[in-house]
Amino acid sequence: MSGRMAGKCVICSAPSGAGKTTIVHHLLQAGLGLAFSISATSRPRRPNEVDGRDYYFLDQEEFLQRVHAGAFLEWEEVYPGRYYGTLRSELERIWTGGHHAIFDVDVKGGMQLKKTFGGNALALFIRPPSLETLAERLVKRGTETEASLKVRLEKATIELQAGPRFDAVVVNDDLQRACHEAEERAREFLNG
Ligand code: ADP
Ligand code: 5GP
């Protein structure tokens, strides 16, 4: 990263269904000067998603071409055949625009970004109250098939062990409380 881009970052990681997207939306509206880092992905777009707002939707070939071109700060095959990655160009866009970046990435990606940005990043781990609650939320969200639900829950069981490696753990029990806690942590970090 070049020296003129001196913004900070907030990383939100959690098992799928823990409430990252919901909490990230809250933080974006909290007047903290944050802008969302739009990831690239090869997974199909959901009906409520917009290309260039929620993700940059690429096919697998386009995604891998960008990998080879060195376009990603980090990237991963988060689920079999489903690639996700943080584009270097997003950081440039956000920091040159005078904002701090916020990432919604999986647990491995979050740890990778923390390693890259060190003290310039606040890594938040959003934890569901339990695996059962996580499963209920994913079912209610209505975005998963039985098979993709199973894969997400298996991955979640492993990811939940990573909480202590983050700067702070926010338990998403009551959503309002969790949003408030995440906001206070971010405010303290960004203003400090
Ligand atoms: P993620 O981005 O981590 O996959 P989402 O933000 O999509 O998770 O949340 C998963 C589902 O759970 C969504 O339908 C969301 O509305 C719901 N949800 C999030 N937080 C809570 C909460 N504290 N209590 C109940 N439902 C919640
Ligand atoms: P979803 O398919 O539910 O949008 O996302 C699945 C998982 O991929 C989530 O945990 C989400 O945070 C993660 N994810 C989204 N973008 C990225 C990214 O750029 N890098 C990594 N490593 N994970 C990402």
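Predicted model: local features only at pLDDT ≥ 70, side-chain atom pairs only at ≥ 80, totals over all residues.
Biologist: How many helices and strands does the protein have?

Modeller: The protein has 7 helices and 9 strands.

Biologist: What share of the residues is buried?

Modeller: Buried residues account for 49% of the 192 in the protein. The accessible surface comes to about 9800 Å². Carbon and sulfur atoms hold 50% of that surface.

Biologist: Which share of the contacts joins residues 24 or more positions apart?

Modeller: That share is 67%, counted among contacts with a separation of 6 or more.

Biologist: How far apart are the mean positions of the positive and negative charges?

Modeller: They lie 2 Å apart, with 25 positive and 26 negative charges in the protein.

Biologist: How many disulfides does a search of the whole structure find?

Modeller: The search finds 0 disulfides. Take cysteine 9: its nearest cysteine sulfur belongs to cysteine 12 and is 12 Å away. A disulfide needs the two sulfur atoms within 2.5 Å, so cysteine 9 is in no disulfide. Cysteine 12 has its nearest cysteine sulfur on cysteine 179, 9.8 Å away. The cut-off is again 2.5 Å, so cysteine 12 is in no disulfide.

Biologist: Why is cysteine 9 called buried?

Modeller: Its relative accessible area is 0%. Buried means under 20%, so cysteine 9 is called buried. Cysteine 12 also has a relative accessible area of 0%, so the label is buried there too.

Biologist: Where is cysteine 12, and what does it touch?

Modeller: Cysteine 12 sits in strand S1, residues 9-13. Leaving aside residues up to four places away in sequence, cysteine 12 touches Lys20, Val24, Leu27, Ile102, Phe103, Asp104, Val105, Leu124 and Ile126. Valine 105 is 93 residues from cysteine 12 in sequence, yet the C-alpha atoms are 6.4 Å apart.

Biologist: Why is arginine 185 called partly exposed?

Modeller: Its relative accessibility is 37%. Buried needs under 20% and exposed needs over 50%, so arginine 185 falls in between and is partly exposed. Arginine 185 belongs to helix H7, residues 175-191.

Biologist: Which residues does arginine 185 touch?

Modeller: Arginine 185 touches Leu122, Leu124 and Ala168, with residues up to four places away in sequence not counted. Leucine 124 is 61 residues away in sequence, and 8.7 Å away from C-alpha to C-alpha. Leu124 is also among the residues that cysteine 12 touches.

Biologist: What makes arginine 165 exposed?

Modeller: Its relative accessible area is 63%. Arginine 165 lies in the loop between helix H6 (146-159) and strand S9 (168-171). Alanine 123 is 42 residues from arginine 165 in sequence and 9.0 Å from it in space, C-alpha to C-alpha.

Biologist: How do you know that lysine 150 counts as exposed?

Modeller: Lysine 150 has 54% relative accessibility. The threshold is over 50%, so lysine 150 counts as exposed. Lysine 150 is in helix H6. Between lysine 150 and alanine 135 there are 9.1 Å, C-alpha to C-alpha, at a sequence distance of 15 residues.

Methods:
Residues numbered from 1 in each chain as written. Chains lettered and ligands numbered in written order. Heavy atoms only, no water. Helix = DSSP H or I, 4+ residues; strand = E, 2+ residues; numbered from the N terminus. Buried < 20%, exposed > 50% of the residue type's maximum accessible area, 1.4 Å probe, protein only. Contact = heavy atoms within 4.5 Å. Areas by Shrake-Rupley, 256 points an atom, 1.4 Å probe, with all protein chains shown as cover. Lys, Arg positive; Asp, Glu negative; His and termini not counted. Charge placed at Lys NZ, Arg CZ, Asp CG, Glu CD.
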